[in-house]
Amino acid sequence: MTSTNILQVSHLCVDLYTTRAALRPVDDVSYEVAAGETLAIVGESGSGKTVLNFAPLGLMPTGVVTDLSGSILFDGQQLVGLSEPALRRIRGGKIGTIFQDPMSALNPALRIGRQIAEVAELHLGMTSSQAEARALDLLKLVRMSDPEARLRQYPHELSGGLRQRAMIAIAIAAEPKLLIADEPTTALDVTVQAQIIGLLKDLQRRLNTAIVLITHDMGVVASIAARVAVMYAGRLAEYGSVEEVLLTPRHPYTSGLIAALPSVDDAPGSPFRGLPGTPPVLGAPLPGCAFAPRCPQVIDICARRYPPLAGGAGTAAVACHVVNARQSKEQAHA
Amino acid sequence: MREAGDLLRVENLVTRFKSVERGKWVTAVDDVSIRLAPGEMVGLVGESGCGKSTLGRSIVGLERPQSGRILLDGVDLSSLRGRELREKRRAIQYVFQDPYASLNDRQTIGETLTEALIIIGVKDREAQRRRIHTLLDQVGLPDALAERYPRELSGGQRQRVAIARSLAVEPRVLICDEPVSALDLSIRAQVMNLFLTLHKDLGVACLFIAHDLALVRQATSRTYVMYLGKIVEDASSAELYARPSHPYTQALLGSIPSADPRVEAHREPPPIFGDIPSPTNPPSGCRFRTRCPRAMEVCASHPPARLALAPDHHASCVIAAELYAHSHPAPHRLPMPA
């Protein structure tokens with residue numbers, strides 16, 4: 001499998017230093033994505049899912065010092081320690097990005113056509129007229145109605161769904177091998193969300209692009225991803241195929257999240273199922289399991305030692321002392 | 001129908017805004033009528049831009065309606081002025097979507113709540129303290145939080161404070177505008193359960209404005225579906241989800257992805273086109289016709305009448321009766337969308 005992996009992240013840690021604090025939002029995370037495959041990274045706000053994807057690309061707020069350790073092999077190239085000019089060639093080139101809020105990610109003062117053409121000029125070395133033609137093709141590819149007119153429009157003239165389509169057109173302008181989509185449908189309505197997910201799946205089939213989709217919506221995960229990584233407090237809690245993780249979740253956090261989804265079997269007026277407590281506030285790395293204070297299955301060791309991510313064949317890998325101890329006992333019996 | 005006993009009635013309400021285009025108007029709420037019985041939990045769902053928040057804001061007086069009536073206990077609020085209006089309107093309180101923006105950064109939680117208490121005339125310090133204790137207790141927050149500032153609180157805690165503040169004036173109706181959509185998944189259930197408890201213990205009626213259909217189905221007994229300024233369908237929540245009879249409601253329910261990958265692998269998205277049109281220039285006739293898979297010629301010429309499909313189920317669509325006859329329970333479980 002390794003040879004077809006377009007992205008291989010191993011033991012990645014991200015440390016952020018601001019003038020006030022030192023944080024580790026990503027701690028020892030490993031995963032891989034094959035060409036043409038979709039990996040969903042699921043987590044709540046503050047779980048580190050966005051930093052995990054954007055810190056290695058140098059997309060962090062100014063005034064924050066980012067320190068990466070571990071390894072990120074993308075298309076045979078090591079991204080950790082890469083210089084800013086080298087990163088700039090990759091960003092928007094071999095790696096396209098889609099952000100959550102298209103209104104703040106698009107340039108309000110440039111026409112849509114120009115913003116798409118810019119990418120083609122920069123990364124594909126096209127002339128401006130070639131790039132404009134490519135922009136038109138791309139707008140057709142993302143199934144935008146009346147593409148000739150859209151080229152000349154500004155972002156504020158477009159609806160939310162059309163803006164997100166424009167953003168996708170920019171992201172795929174340089175034919176990236178990997179597309180990182182950070183909550184691409186969260187700001188959209190549910191009927192528009194269905195259209196955008198359909199579009200991403202269709203583009204992936206045609207261009208064989210790998211997609212890393214950052215989301216907190218299990219429905220979106222089920223509809224597009226092949227594999228899922230569940231993050232909690234900067235670490236992977238569970239990692240496996242979409243069927244394994246969504247249908248037979250093993251980590252207490254994942255099973256709690258999935259059990260909390262309202263179902264048609266719940267009577268109107270019946271209480272909602274949820275998780276007790278609140279997610280931890282980002283800070284120094286914890287010695288134990290970050291989920292322990294909210295966990296229904298917590299045992300002594302959970303607070304003292306961090307559970308490593310482990311799993312057997314045919315099941316998702318989980319970082320949980322209780323689940324993994326149970327599994328090794330079952331294997332010993334068998 | 002408990003028409004006589006309705007706590008809140010909104011009749012033919014129209015709220016419009018001046019458009020950026022000179023001389024044009026945006027009719028955000030167009031001839032909307034809804035009702036709320038005492039202690040009832042009612043949902044109002046629709047996509048962004050459909051006017052659901054404007055309707056809520058018009059009810060509490062944050063927007064001035066162009067025409068129509070808002071009746072509380074049978075009294076038309078627009079017939080009242082000054083002190084009388086303020087006192088009557090106090091029975092309706094609003095819970096905003098974003099607890100990061102709705103609380104004053106420079107006031108402690110205690111000060112925020114005290115302000116509400118002073119408005120209803122609780123001036124005695126000791127009485128204020130006791131009431132704040134009760135309020136914080138009702139929303140499940142420790143007493144010590146009264147000394148804290150909003151920035152020290154998590155999103156879930158802030159939303160609880162916002163709820164406590166609206167409860168301080170002993171309202172009979174809460175208008176909750178997307179009260180949990182700014183909160184994390186694992187926290188949502190906690191705040192939703194708080195609403196259910198308050199409803200049970202205090203008998204507060206709630207108008208629950210949300211785009212999250214699964215949430216509304218479980219929390220409310222009746223639901224209104226709004227599209228581009230109009231109510232297109234209303235029914236008991238169980239019936240609405242089991243037998244949606246307006247093409248828009250069907251598309252809305254059909255667009256929610258299931259959390260089951262086996263269901264998703266075989267599911268075709270509903271045939272709904274494009275985005276919600278601009279309310280500056282809504283389509284003629286039925287407003288949904290530009291996105292409707294079943295649109296016919298007649299849809300462009302006449303706005304559809306509101307048809308009664310069952311005693312408590314109405315839909316504004318020319319083929320509503322046919323859709324009702326053929327509707328069947330939703331094919332999959334509803335997950336909690338973003």
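The coordinates belong to a predicted model. The span itself comes from UniProt, where an unreviewed entry lists residues 8-253 of chain B as "domain: ABC transporter". For chain A, UniProt places the feature "domain: ABC transporter" at residues 7-258, again from an unreviewed entry. Residues 7-258 of chain A are 39% helix and 27% strand, with end C-alpha atoms that lie 28 Å apart.

Within chain B, consider helix α3 (residues 109-119) and helix α4 (residues 125-138), whose axes come within 10 Å and cross at roughly 115°. That angle makes α3(B) roughly perpendicular to α4(B), because the class runs from 65 to 115 degrees. The crossing of α3(B) and α4(B) is right-handed. On the α3(B) side the meeting residues are B:G110, B:L113, B:T114 and B:L117, and on the α4(B) side they are B:Q128, B:R131, B:I132 and B:L135. By class, the residues of this contact between α3(B) and α4(B) are four nonpolar, three polar and one charged.

A helix pair in chain A can be read in the same way. The axes of helix α4 (residues 112-124) and helix α5 (residues 128-141) of chain A come within 8 Å and cross at roughly 120°. α4(A) and α5(A) are therefore oblique to each other, and their crossing is right-handed. From α4(A), the contact draws on A:G113, A:I116, A:A117, A:A120 and A:E121; from α5(A), it draws on A:S128, A:A131, A:E132, A:R134, A:A135 and A:L138. The residues of the contact of α4(A) with α5(A) divide into six nonpolar, two polar and three charged.

Further along chain A, A:L207 lies in helix α8 (residues 190-207). A:L207 has 14 other C-beta atoms within 10 Å and is partly exposed, because that class falls between the limits of 12 or fewer for exposed and 20 or more for buried. Leaving aside neighbours within four places in sequence, A:L207 is in contact with A:I172 and A:E175. A:E175 is 32 residues from A:L207 along the chain, and their C-alpha atoms are separated by 7.6 Å.

The remaining topic is where the two chains meet. In total, 45 residues of chain B are in contact with 43 residues of chain A. The elements that give two or more residues to the chain B side are α6 (185-202), α7 (213-219), α8 (237-242), α9 (247-255) and α10 (261-265) of chain B. α6(B) gives the most to this side, with nine residues. By class, the side of chain B that touches chain A has 23 nonpolar, 14 polar and eight charged residues.

One of these elements, α9(B), can be followed residue by residue. Nine of the nine residues of α9(B) are buried, so this helix is largely enclosed by the rest of the structure. The buried residues are B:P247, B:Y248, B:T249, B:Q250, B:A251, B:L252, B:L253, B:G254 and B:S255. In chain B they pack against α7, β9 (222-227), β10 (230-236) and α8, and in chain A they pack against α8.

Methods: Residues are numbered from 1 along each chain as its sequence is written. Chains are lettered from A and ligands numbered from 1 in the order in which they are written. This is a predicted model: local features need pLDDT of at least 70, side-chain atom pairs count only at pLDDT 80 or more; totals for chains, interfaces and linings use all residues. Two residues are in contact if their C-beta atoms, placed from the backbone, lie within 7 Å. Helices (H or I, at least four residues) and strands (E, at least two) are DSSP runs, numbered from the N terminus. Ala, Val, Leu, Ile, Met, Phe, Trp, Tyr, Cys and Pro count as nonpolar, Asp, Glu, Lys and Arg as charged, and the others, Gly among them, as polar. UniProt positions are given in the numbering used here, feature names are shortened, and annotations may be inferred rather than shown by experiment. Axes are lines fitted to C-alpha atoms, for helices over the stretch in contact, and angles run from 0 to 180 degrees between N-to-C directions. Angles under 35 degrees count as roughly parallel, over 145 as roughly antiparallel, 65 to 115 as roughly perpendicular and the rest as oblique. A crossing is left-handed if the near helix is turned anticlockwise from the far one by less than a right angle, and right-handed if clockwise.
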